[in-house]
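Please consult the sequence and the structure shown here while reading.

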Amino acid sequence: KAGVTQTPRYLIKTRGQQVTLSCSPISGHRSVSWYQQTPGQGLQFLFEYFSETQRNKGNFPGRFSGRQFSNSRSEMNVSTLELGDSALYLCASSLATGSEAFFGQGTRLTVV
Amino acid sequence: AQSVAQPEDQVNVAEGNPLTVKCTYSVSGNPYLFWYVQYPNRGLQFFLKYITGDNLVKGSYGFEAEFNKSQTSFHLKKPSALVSDSALYFCAVRPTYGQNFVFGPGTRLSVLP
């Protein structure tokens with residue numbers, strides 16, 4: 001069974017640009033969550049989607065957005081990139097909200 | 001506010017000695033409790049979880065975690081550490097069914113040969 005797949009693995013963008021990250025969950029998993037990991041802030045929850053609906057949202061500015069498609073694949077978008085957005089972005093999928101989450105390898109975003 | 005604390009940034013243990021990675025939480029109700037491990041340049045890997053039942057949860061590679069409701073703790077333990085156990089360990093809680101995870105800051109475990 002394939003795991004959670006995130007693409008791309010690495011990205012370099014300049015300030016002011018926008019970026020889209022993709023996540024394909026484990027087959028059959030309908031819940032997808034996104035997290036930002038930085039050395040200073042640790043793991044911070046961005047948002048969670050279940051059956052194409054956003055169920056939970058963390059404390060991030062509106063520049064961070066996401067969506068989920070009918071096949072459970074999810075994308076997150078960050079507009080007007082700032083240097084502080086440099087981080088490892090992790091996607092996790094769950095069979096249902098409440099069960100353990102399985103994480104992808106992450107996308108490492110560097111903003112220059 | 002809901003929070004998870006891992007009081008030690010770093011734990012150093014000699015190979016063969018017992019190890020403990022501590023976790024305490026402040027969450028209302030009866031949360032689900034998890035441990036995740038992160039190896040260098042890898043995503044997080046699910047390690048073990050407590051939902052209900054026996055307070056001692058057994059995981060892979062000889063690890064176990066003990067849930068203590070009165071102390072709101074969920075410490076990770078292993079009786080005999082291996083060098084290969086060296087990694088970053090995260091404690092996490094899911095406050096109630098359907099809510100998102102809250103992660104602790106992580107504890108870097110180094111097992112010295």
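## Salt bridges across the interface

Two salt bridges are found by the rule across the interface of chain B and chain A, a salt bridge being a side-chain nitrogen of Lys or Arg within 4 Å of a carboxyl oxygen of Asp or Glu. In one of them, the side chain of Lys49(B) meets that of Glu100(A) at 2.6 Å, N to O.

The model is predicted: local features need pLDDT of at least 70, side-chain atom pairs count only at pLDDT 80 or more, and totals for chains, interfaces and linings use all residues. Residues are numbered from 1 along each chain as its sequence is written, chains are lettered from A and ligands numbered from 1 in the order in which they are written, and side-chain values use heavy atoms, with hydrogens and water left out.

## Composition of the chain B side

Three elements of chain B give two or more residues each to the side that touches chain A: β5 (32-38), β6 (44-50) and β10 (87-94). Strands here are DSSP runs (E, at least two residues), numbered from the N terminus, while helices are runs of H or I of at least four residues. With four residues, β5(B) provides the largest share of this side. By class, the side of chain B that touches chain A comprises 10 nonpolar, six polar and three charged residues; Ala, Val, Leu, Ile, Met, Phe, Trp, Tyr, Cys and Pro count as nonpolar, Asp, Glu, Lys and Arg as charged, and the others, Gly among them, as polar.

## Extent of the interface

In total, 19 residues of chain B contact 21 residues of chain A (heavy atoms within 4.5 Å). The size of an interface is often given as the accessible area lost when the parts come together. Between chain B and chain A the buried area is about 1,600 Å², of which carbon and sulfur atoms give 50%; this quantity is summed over both parts and uses a 1.4 Å probe.

## Backbone features

Most residues other than glycine have a negative phi, and most peptide bonds are trans. The peptide bond from Thr7(A) to Pro8(A) is cis, with omega near -10 degrees. Pro8(A) lies in the loop between β1 (5-7) and β2 (10-13) of chain A.

Glu52(A), in the loop between β5 (42-50) and β6 (53-57) of chain A, has a positive phi near 75 degrees. Its relative accessible area of 47% makes Glu52(A) partly exposed (buried is under 20%, exposed over 50%, partly exposed in between; 1.4 Å probe, protein chains only). Thr72(B) also has a positive phi, of about 45 degrees, and is placed in the loop between β8 (64-68) and β9 (73-78) of chain B. Thr72(B) is partly exposed at 30% relative accessibility.

Definitions and conventions. Buried area is the accessible area (1.4 Å probe) that two parts lose on being put together, summed over both.
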